[in-house]
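Subject: Structure handover

Hi,

Here is the structure I promised to pass on.

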Amino acid sequence: MRRALLVALVVVLAGSLVSTAFPAPVEPLRIGVITSLTGRFATFGKMQMAGYQVALEEINRTGGIKGRPVELLVEDDASTVPAALSAAERLIAKGVPIILGTYSSGISKPLAGYMDRQKRVLLVSGSADDSITKPGSEWVFRAKSVASTYASTLFDLFQYLREQYPAIPLNTVAILHGTGAFETSVADGAVVYAKARKYQVVAREAYDRGLTDFRPILNRIRGLNPDILFMVSYEEDAVAIMRQAKEVNINPKIFAGAAAGFAIEPFIKGAGDAAEWVFSATSWTPDVKYPGARQLYEKLKKAAGMEPSYHAAEAYMALIVAADALRRAKSLSQEDVRDALKATKLMTPVGPVEFKDFLGFKNQNPIPMVVEQVQGGKFVTVFPASIAPGKPKYPTPPWDKR
Amino acid sequence: MRDRLKTLAWLGAVLVAFTLYPWAFPTKLNLGVVIVLFAGMATAWDVLGGWAGQLSLGHAALVGIGGYTLALLSLRAGVPPWWGLLAGMALTGAVAAFWGWIVFRLRGPYFVLSTIAVAEILRLVAINWKDLTGGAEGLFLRELPRPFGLDLFNRTVEFYLALAYLGVALLVAWWLSWSRFGYSLQAIREDQDSAMAMGINPTRTKILAFMVSAALTAMGGSLYAIYLSFFEPHIVLDIGLSVELALIAYIGGAGTVFGPTIGAVVLLAAGDLFRNYFQQANLLIYGILIILVVRFAPEGIVGGWHALVRRLIRPAPGVPVEVRGERP
Amino acid sequence: MTTFLQVLMTGILTGGVYALVGIGLSLIFGVMRIVNFAHGEFVALGMYASLLLFQSLGIDPYLAIPLIIVGGIVLGAVVERVFIAPIIAAPEHVSILMTVGVGLVISNLLLFGFGAHPQSIFTWYSTKTVRIAGVTFSGPLSVSFLITLAVIVGLYWVLTRTEIGRAMRATAQNRDAAELQGINTGVARMLAFGIGVALAAVSGTLLLPVLYVIPTIGGVFTLKAFVVTVLGGMGNVLGAIGGGLILGVTESLGAAYISSGYRDAFGLIAFLAVLLLRPAGLFGKSRV
């Protein structure tokens with residue numbers, strides 16, 4: 001009996017010695033992600049996942065977070081609010097230090113409200129609606145640009161063109177926008193900037209999405225002869241608007257697109273020659289002059305298996321920011337993660353990141369947008385000059401003179 | 001009388017069982033609130049759709065009015081949510097009275113079509129009349145007063161509020177199952193002309209049923225607004241929501257006390273359980289289920305259950321059996 | 001003035017296509033007393049089928065029309081046999097729920113098969129316009145309108161000059177009497193549904209060059225079809241033409257001169273008004 005006990009003791013001692021020689025595998029750090037893998041927004045969810053994957057690879061290649069490899073706990077919100085809220089509840093129960101999400105503003109808003117009440121950190125990675133961080137909350141952060149920046153950036157472009165070409169009068173604006181939350185908020189912003197910078201808004205037309213024929217509205221706007229046609233539409237409508245603008249023969253000096261619809265590849269493919277000369281504001285382009293932008297584009301393209309949209313870049317940026325904060329955080333408690341995020345000062349291939357409180361926003365990164373223009377069937381980034389390689393072509397010739 | 005009390009006892013049992021939910025599933029409270037709210041709203045829909053046989057595909061409008069009334073009164077006039085809820089119920093009751101007075105003179109599928117049209121118009125109004133409704137941006141319920149110190153945004157509190165709501169809805173359905181009013185609804189559903197011959201005024205009765213259904217739905221809508229805290233027309237005024245309520249009630253068993261609740265529990269819980277496989281196919285499955293139910297089991301899950309029970313206790317031929325009185 | 005004419009013309013051209021969507025629904029209701037809540041989904045099916053033919057085989061939508069018609073009739077007949085015929089005697093809300101279910105299945109299968117993102121085709125004529133007296137018309141929309149007229153004429157011929165057309169009209173007027181006359185109402189109903197579906201699918205094909213398609217676009221078309229049939233009178237095929245034109249013009253004028261945000265509301269309000277004031281439709285109660 002005593003022999004057996006002695007043997008057991010030796011085995012145990014030997015085992016513990018052995019185990020210190022081979023340390024136990026490091027527990028990976030899991031970051032929560034909520035995105036639309038299925039449902040209406042699935043294509044955007046796919047883009048977000050591509051961005052997250054590229055960022056994840058980079059993070060793990062550079063040592064993970066405090067020596068721990070990073071994993072993503074991905075939950076599908078199925079493009080609906082109830083599923084997103086349940087997903088957040090699940091992730092919180094699993095104790096993730098931070099949650100990233102989602103694409104649609106309609107879902108991010110209730111999600112932000114919920115996370116605020118639960119006192120958990122949310123880093124908004126894909127939604128642009130101003131109201132998510134305005135007035136916002138101490139627990140909700142957003143690194144990507146907000147909806148109102150679409151309008152302010154384009155009006156900065158108009159100002160620039162006014163100064164560069166003083167002989168061409170640029171005074172009247174007609175605004176055309178979808179009735180969705182995002183489109184309306186951008187249009188509201190446009191009205192504010194127009195008034196502030198002395199443009200006259202000659203028309204403001206909203207259309208409901210669906211089986212939409214823009215010809216009646218475009219006809220009416222044509223009669224008002226605006227210098228600028230300011231459009232806020234999603235992809236499908238953007239294509240239809242430009243095609244019908246050509247048909248109806250409406251000829252403003254500037255076609256300005258202030259939403260996703262005008263800034264992605266399918267727009268050029270769908271509208272064909274009607275897309276030429278159109279300006280659009282967007283968060284990010286592959287040729288913008290931030291360090292590493294072009295390489296990021298190549299990686300995103302590979303990860304997505306197709307032309308990546310800026311949503312992929314924004315998702316990439318969000319995860320990079322999250323990892324950076326977690327590396328600096330004193331602990332993984334929500335208060336420490338929140339404080340670490342607040343102290344962020346980072347330059348990424350998608351732009352600079354700092355979380356500030358300004359103009360009613362809270363924890364919002366004042367990241368600028370860029371303007372691209374369709375030149376020769378391709379997007380060229382043309383403004384602002386400090387980060388754009390190209391130059392705007394102006395004024396837009398009438399349809400029959402192209 | 002015995003039947004009546006038996007159903008009431010079951011009702012109590014169901015509610016008691018539900019009260020244990022937050023203790024049993026503390027990490028699935030979001031799902032729980034949604035299940036209970038939808039069970040209540042489907043029961044409310046069923047008052048008109050199942051008991052009275054008037055198929056409405058526009059009930060989202062009533063959910064929306066309930067939600068918006070509570071939210072707008074709270075945000076614009078500081079009215080506490082319990083008054084806002086009652087105001088929403090009163091408003092929808094009035095809307096239903098007016099709406100019903102207009103369309104119940106029509107028969108056939110015209111009522112159904114009118115419900116779709118009215119709900120759509122309301123959605124467009126909510127989107128376009130920004131000054132009133134906040135437009136497509138929607139509304140944000142940031143703060144709400146705390147009755148008895150309770151935080152209305154706490155999911156457990158919301159669960160019990162929703163449960164109270166379900167209790168009210170079930171009591172109404174229970175009342176329909178033995179009251180004269182309930183019988184006149186069923187008479188109209190089965191054969192409107194014969195009902196008239198019996199002295200029932202179909203238009204007036206349908207309007208009353210609609211008012212009850214509407215107010216009850218709005219009650220759920222108000223609670224749903226609190227749960228979401230941030231909602232837009234697209235979420236609460238969408239025709240998809242109307243269809244979902246109708247299907248939940250129907251698949252569970254229209255015209256029965258517990259059918260809609262069973263439908264909500266089965267469909268929504270299964271949707272969550274199988275979300276990894278079926279998330280995308282959720283609506284597809286609803287579609288397939290409704291086709292199957294309509295074709296093979298028009299009385300839904302409840303009917304199927306009764307049929308199964310009957311089958312199991314089928315006596316030997318020749319032996320007389322006391323069959324529980326049941327509705328066709 | 002040119003603006004007004006342009007708006008009016010666009011309304012008429014679009015209205016023509018709406019009419020085609022509505023006629024199918026009206027035919028189905030007339031012969032079968034069924035309100036097909038999946039009607040818009042068949043329009044979407046037509047659009048996707050044409051999209052597929054264009055993308056994989058390079059077949060132009062206009063050339064694909066005969067294929068779509070045949071496919072539509074077959075599909076409609078199958079759907080009718082499998083889903084509708086068994087419940088033909090049941091109360092009305094049953095067929096409503098059944099067709100709602102069929103619609104849900106179709107739109108979700110489309111979602112699976114084609115994805116949620118909007119798709120459109122780009123042909124050499126997509127942005128071509130026709131200019132007459134200073135008024136610009138969309139080229140493809142004009143062609144679609146002309147083809148719609150041809151299809152309607154064809155339908156009229158089938159209904160009035162063929163045996164099966166007469167059978168359908170007889171069934172529409174009085175099913176029992178038709179049976180007594182030796183007409184196989186089952187076949188008549190099956191074909192009526194088939195033709196109704198084919199008409200819906202063709203209108204989808206005609207709309208593809210001028211619009212985009214997403215799996216949920218069916219719902220919008222179903223609602224438009226309802227408005228058209230109610231305006232024209234449920235079961236009144238010729239009335240549906242008038243209904244379609246009225247809807248098209250109302251929407252176009254309303255969107256241009258009153259408010260484009262409420263564009264769809266104009267049609268719905270007209271729809272409710274007709275339902276309440278003249279449920280038989282604006283064009284009387286004549287059947288087919």
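A quick definition before the contacts: two residues are in contact if their C-beta atoms, placed from the backbone, lie within 7 Å. Keep in mind that this is a predicted model, where local features need pLDDT of at least 70, side-chain atom pairs count only at pLDDT 80 or more, and totals for chains, interfaces and linings use all residues. Residues are numbered from 1 along each chain as its sequence is written, while chains are lettered from A and ligands numbered from 1 in the order in which they are written.

**Between the chains**

Chain A and chain B meet through 24 residues from chain A and 24 residues from chain B. On the chain A side, helices H3 (81-93), H4 (105-118) and H6 (181-196) each give at least two residues.

**Inside chain A**

Chain A is divided into domain 1 (29-145 + 291-364) and domain 2 (148-282 + 370-401), with bounds that come from an automatic or database domain assignment. Their centres, taken over C-alpha atoms, are 30 Å apart. Nine residues of domain 1 are in contact with nine residues of domain 2, and the domain 1 side is made of two nonpolar, four polar and three charged residues.

There is also an open sheet of seven strands in chain A, with mixed pairing and the order E7-E6-E8-E9-E10-E15-E16. Strands count as paired if DSSP finds at least two bridges between them. E7 (200-207) and E16 (378-383) are the edge strands, each pairing on one side only. Within the sheet, E6 (residues 172-178) and E8 (residues 228-232) of chain A run parallel and are joined by five bridges; A:Val173 has A:Ile228 as its bridge partner in E8(A). Helix H5 (residues 147-164) of chain A lies across E8, E9, E10, E15 and E16, at about 135° to E10(A). (Axes are lines fitted to C-alpha atoms, for helices over the stretch in contact, and angles run from 0 to 180 degrees between N-to-C directions.)

**Helix pairs in chain B**

The axes of H5 (residues 81-103) and H11 (residues 202-228) of chain B come within 7 Å and cross at roughly 145°. Their contact holds 15 nonpolar, eight polar and one charged residue.

H4 (residues 60-77) and H6 (residues 110-128) of chain B pack at about 35°, with axes 9 Å apart. Here B:Ala60, B:Ala61 and B:Gly64 of H4(B) meet B:Val118, B:Ala119, B:Leu122 and B:Ala126 of H6(B). That makes six nonpolar, one polar and no charged residues.

Cheers

Conventions: Helix = DSSP H or I, 4+ residues; strand = E, 2+ residues; numbered from the N terminus. Nonpolar A, V, L, I, M, F, W, Y, C, P; charged D, E, K, R; others polar.
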